[in-house]
Amino acid sequence: MPEKIIPVADHRHIHPVPTIPADIDTPTGSVTDVFARPLRDLRISVTDRCNFRCVYCMPKDVFDKNYAFLPQTSLLTFEEIIRIARIFVAHGVEKIRLTGGEPLLRKNIEKLIDMLSALKTPDGRELDLTLTTNGSLLAKKAQSLKDAGLKRVTVSLDSLDDTTFKRMNDVDFPVADVLHGMNVAHHIGLGPIKVNMVVKGGMNDQEIVPMARHFKDSPFILRFIEYMDVGASNGWKMDDVIPSAEVVRRISEQMPLAEIEPNYTGETAERWRYVDGSGEIGVISSVTQAFCGSCTRARLSTEGKLYTCLFATSGHDLRALLRGGRSDEEISAAVAHLWRARSDRYSALRTANTDNIANATKRVEMSYIGG
Ligand code: SAM
């Protein structure tokens, strides 16, 4: 059993306040980092709280009743989120994903979606506005989310077997309720819906083929995610990772697959189609095949820290700029300056040095930074 680690919250980390450059240049709709990667996606964590205690993400023994979740005053307000989102869109962000914690727990989330859906890219296009959820509140909220302007949802589901699923979510939540939420969302038009399954060896890998079979020939696109060494509380070990190649092998043995082209450059999932024409799956190989080279994502934590890598140990305190009276122009220049200096490529470096890096205890938790 690993030693109990108290995860980071805002006061447990030093977050540098971004520098405002002397030259305040106007955004051009495109900014690239030191490896020529553009800024295209923004993930916004709207809460660090969740009603699940997934063993690989928010294990109960750490995220218990003594855990210090962020106080309400630390959270970015919707107006603050919109100010930041508008700045990012001016720099080239085309896709915004709301996440957390469980984003549907954030009070009046529909209001935020409504405000975000009014933003347009510099050339007048609508944003790809989406959300990742555990599905528990989806049946109840799908219609109001759609009405507010949400385009689609991604749902996390790690097993079709109730015993395995409950062991993973650790709050006794049944599979049937998630499937119901997905169906409601599909019928309301929040699709195409992607289903994310994190595969943890010895825990739910026996569910790979049943999940594939269940979602084959359905409107849902199943994606298998390698269990990642994100955060410091889940006791991650390389031995628990089932490589995507193995996932594809196991499925293909029974339902032959062929690789297909990505939908767009920088897509995290590698796509495979069933040879019999009955749909596709995706595999996200963040551990065995790093995709840092095409990473165009920035992450905004619940309390306004900007992270330019999921595996970062600290973020940049945009909230300090927002609440410190800085103008949109100044914050915009600071964001561009940060992105131009970005050189993160954690996963690419990790492969060579897994054990050392995996032992790092300072990394932020996924529930805090937003998955
Ligand atoms: N609560 C929402 C949900 O369940 O989808 C959004 C937040 S959750 C952190 C986002 C995604 O991250 C989920 O699909 C979850 O399974 C995935 N995730 C969390 N910890 C992970 C880990 N250690 N490795 C791989 N994926 C992980």
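In strand β12, the bridge partner of K305 is D317. Strands β11 (residues 305–307) and β12 run antiparallel and are joined by 2 bridges; strands here are DSSP E runs of at least two residues and helices are H or I runs of at least four, numbered from the N terminus. The model is predicted, so local features need pLDDT of at least 70 and side-chain atom pairs count only at pLDDT 80 or more, while totals for chains, interfaces and linings use all residues. Residues are numbered from 1 along each chain as its sequence is written, and side-chain values use heavy atoms, with hydrogens and water left out.

**Sheet and packed helices**

- An open sheet of 12 strands with mixed pairing has the order β7-β8-β9-β6-β5-β4-β3-β2-β1-β10-β11-β12, where two strands pair if DSSP finds at least two bridges between them.
- At the edges stand β7 (257–260) and β12 (316–317); each has a single partner strand, so one side of each is left without a neighbour in the sheet.
- Helix α6 (residues 208–215) packs on the sheet and touches β5 (194–199), β6 (221–226) and β8 (270–274), contact meaning heavy atoms within 4.5 Å.
- The direction of α6 makes about 160° with that of β6; axes are lines fitted to C-alpha atoms, for helices over the stretch in contact, and angles run from 0 to 180 degrees between N-to-C directions.
- Helix α7 (residues 244–254) also packs on the sheet, touching β6, β7, β8 and β9 (280–284), and its direction makes about 155° with that of β9.

**Helix α5**

- Helix α5 (residues 175–188) has 14 residues and reaches 20 Å from its first C-alpha to its last, close to the expected 20 Å, which is 1.5 Å times one less than the number of residues.
- V175, V178, L179, G181, M182 and A185 of α5 are buried (under 20% relative accessible area; exposed is over 50%, partly exposed in between, with a 1.4 Å probe and protein chains only).
- These buried residues fall within an arc of 155° seen down the axis of α5, so they line one face of the helix; the arc is that of the directions from the helix axis to the C-beta atoms.
- On the other side of α5, A176 and H187 are exposed.
- The buried residues of α5 pack against α3 (138–148), β4 (152–156), α4 (162–169), β5 and α6.
- G189 follows α5 and has a positive phi, near 100°.

**Aromatic pairs**

- The structure holds 7 aromatic pairs (Phe, Tyr or Trp rings, the six-membered one for Trp, with centres within 6.5 Å; planes under 30 degrees apart are stacked, over 60 edge-to-face and the rest tilted).
- F63 and F69 form a tilted pair, 6.4 Å centre to centre with 35° between the planes, and both are buried.
- The ring centres of Y67 and F69 lie 4.5 Å apart with planes at 70°, so this pair is edge-to-face.
- F52, F165 and F173 form one aromatic cluster.
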